Amino acid sequence: MEISWIGALVGLAIAIALILFRLAPTYALILGAILGGFIGGANFSEVVSILISGTQSVQGTVIRIIAAGVFAGVMMESGAAESIAKFIVDKLGGTKAMLSLALATMVITAVGVFIPVAVLIVAPIALTVGHKMGYSKIAILVALSGGGKAGNIISPNPNTIAAAGGFDLDVNKVMMGGIVPAIFGLLAAVLLASILKYKGSKVTDEETKELEKNSAGHLPPLSKALIAPIIAIVLLMVSPVGTVLGIDALEAIKIDSLFILPFAGIVGSIALGKSKQLLDYCTAGLNRMTPTILIIIGAGAIGGLITASTLSAEVVRLVENIGISGTFLAPIAGLLMAAATASTSTGVILATGSFSSAILNTGTAPLSAAVMTHASATVLDHLPHGTYFHVTRNAMGMSMKDRMKVALYESLVGLTMTIVAIIWFGFIM
């Protein structure tokens, strides 16, 4: 069974258009796959086969994300993530305020907390610091969002799991591959925030009083809050470190994130003295993962359509005819899909599910493709038709005008990471 590339392209375009018109992404993607299949020449039974094969191909990613929900739930609901953020800001506050805010959000995201949640966690602390130092809300959010983007490409979050799954890689390899671009992203966020710190509206006295009134109560001590992320990071890094150092015994210890993240979450909850709340944390974590899981199922459907079509071959032929290096196909796919869906996770899922074969057919190595696709998905994932834009705007109490200004600088942070990823993995490695 071979579907016309026109049907696959039209199906993808229909799915993106429906997402922009606010149809639930899962339904939009499945409907796009169905219509694209019919347009491409498939009959009813063939369309069903495309949907089934496509959704089956993403089940490995789905089960890993479900497992990651245990870890995410513990970190978010126990107060561990907030405790880590508060420590970083307290230690690096004052003259290093922008660095502390960006680093806090980066670390919280890097240990497995969703970027919107990371911003929500750090925002009250950031606004208090901003009021004390006289910094603008625009600068504060640039620091928070930029740091979050940097942390997001080195985290065991759904977007990283999807980037790894799309190119048949271990999650830890993709996480390590994102370290160099993430460092440059952090530096870009701090630099931009420092330039903007006195431009735009400031945090008011009334907002500060409201923050103090709503401030969290007892937070777990840092020593206990760090246990879960340290366990997760150490176990995830064992095999890659063994590869780098040439230690066969360590390299052979290949434990999947499917086992590591729930284990770290369970041990972390016990260390925090919250073992009785573990079931509640698991439920909360799964609830946060559910929207992403549903999107992945839809992305699997559209991916099945594209895999069954001649689109990948046509894309490679087009790239060769134009004379553009195949290296740029991965970042272009990540950037466009994330822009269309205004989501890092959905953008990566669509880019890898739809174009992974075409990207690899250009001769790009799987790790290079994964990191470049992942980094480029942070360039325009904050556009207003997505939830992140509005969640962060509300968290900061910003006007629409100021939030739109921040979007430009967020793109510059994402673009910095993308350029570094292209240079590092496309031409140096």
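**Exercise 1. Find which helix gives the largest share of the lining of the largest pocket, then describe that pocket.**

Solution. 
- Start with the share. H17 supplies 5 residues of the lining, the largest share. The model is predicted.
- Take the space next. The largest pocket holds about 840 Å³.
- Go to the lining. It consists of 33 residues. Nearest the centre lie Thr292, Ile295, Ser343, Thr346 and Thr387.
- The elements that give two or more residues are H2 (25–39), H7 (115–133), H8 (137–152), H9 (158–166), H17 (278–307), H20 (344–361) and H22 (387–396).
- Sort the lining by class. There are 16 nonpolar, 13 polar and 4 charged residues.

**Exercise 2. Work out how H7 and H8 cross, and which residues meet.**

Solution. 
- Look at the axes. Those of H7 and H8 come within 10 Å and cross at roughly 145°.
- Assign the hand. This crossing is right-handed.
- List the H7 side: Ile115, Val119, Val122, Ala123, Ala126, Leu127 and Gly130.
- List the H8 side: Lys137, Ile140, Leu141, Leu144, Ser145, Gly148, Lys149 and Asn152.
- Sort the contact of H7 with H8 by class. It has 9 nonpolar, 4 polar and 2 charged residues.

**Exercise 3. Classify the ring pair of Tyr135 and Tyr198, and locate both residues.**

Solution. 
- Begin with the total. The structure holds 3 aromatic pairs, among them Tyr135 with Tyr198.
- Recall what is needed: a ring pair is described by the distance of the centres and the angle of the planes.
- Check the distance. The ring centres of Tyr135 and Tyr198 are 5.8 Å apart, and the cut-off for a pair is within 6.5 Å.
- Check the angle. The planes stand at 65°, so the pair is edge-to-face. The cut-off for that class is over 60 degrees.
- Locate the partners. Tyr135 sits in the loop between H7 and H8. Tyr198 sits in the loop between H11 (179–196) and H12 (205–213). The two are 63 residues apart, and the pair links distant parts of the chain.

**Exercise 4. Describe the packing of H19 (residues 329–341) against H20.**

Solution. 
- The axes lie 8 Å apart, at an angle of about 145°.
- H19 passes H20 in a right-handed crossing.
- Name the H19 residues in contact: Leu329, Ala330, Ala333, Gly334, Met337, Ala338 and Thr341.
- Name the H20 residues: Thr346, Gly347, Leu350, Ala351, Phe355, Ala358 and Ile359.
- Sort by class. The contact of H19 with H20 has 10 nonpolar, 4 polar and no charged residues.
- Link back to the pocket. Thr346 is in this contact, and Thr346 is also one of the lining residues nearest the centre of the largest pocket.

Terms used: Residues are numbered from 1 along each chain as its sequence is written. This is a predicted model: local features need pLDDT of at least 70, side-chain atom pairs count only at pLDDT 80 or more; totals for chains, interfaces and linings use all residues. Side-chain values use heavy atoms; hydrogens and water are left out. On a 1 Å grid over the protein atoms alone, a cavity is a set of points where a 1.4 Å probe fits but cannot get out, and a pocket is an open set with protein on both sides within 12 Å along at least five of seven lines; lining residues have an atom within 4 Å of a point. Grid points are joined across faces, edges and corners, and a volume is the space filled by probe spheres set on the points. Helices (H or I, at least four residues) and strands (E, at least two) are DSSP runs, numbered from the N terminus. Ala, Val, Leu, Ile, Met, Phe, Trp, Tyr, Cys and Pro count as nonpolar, Asp, Glu, Lys and Arg as charged, and the others, Gly among them, as polar. Axes are lines fitted to C-alpha atoms, for helices over the stretch in contact, and angles run from 0 to 180 degrees between N-to-C directions. A crossing is left-handed if the near helix is turned anticlockwise from the far one by less than a right angle, and right-handed if clockwise. Contact means heavy atoms within 4.5 Å. Rings of Phe, Tyr and Trp (its six-membered ring) pair if their centres lie within 6.5 Å; planes under 30 degrees apart count as stacked, over 60 as edge-to-face and the rest as tilted.
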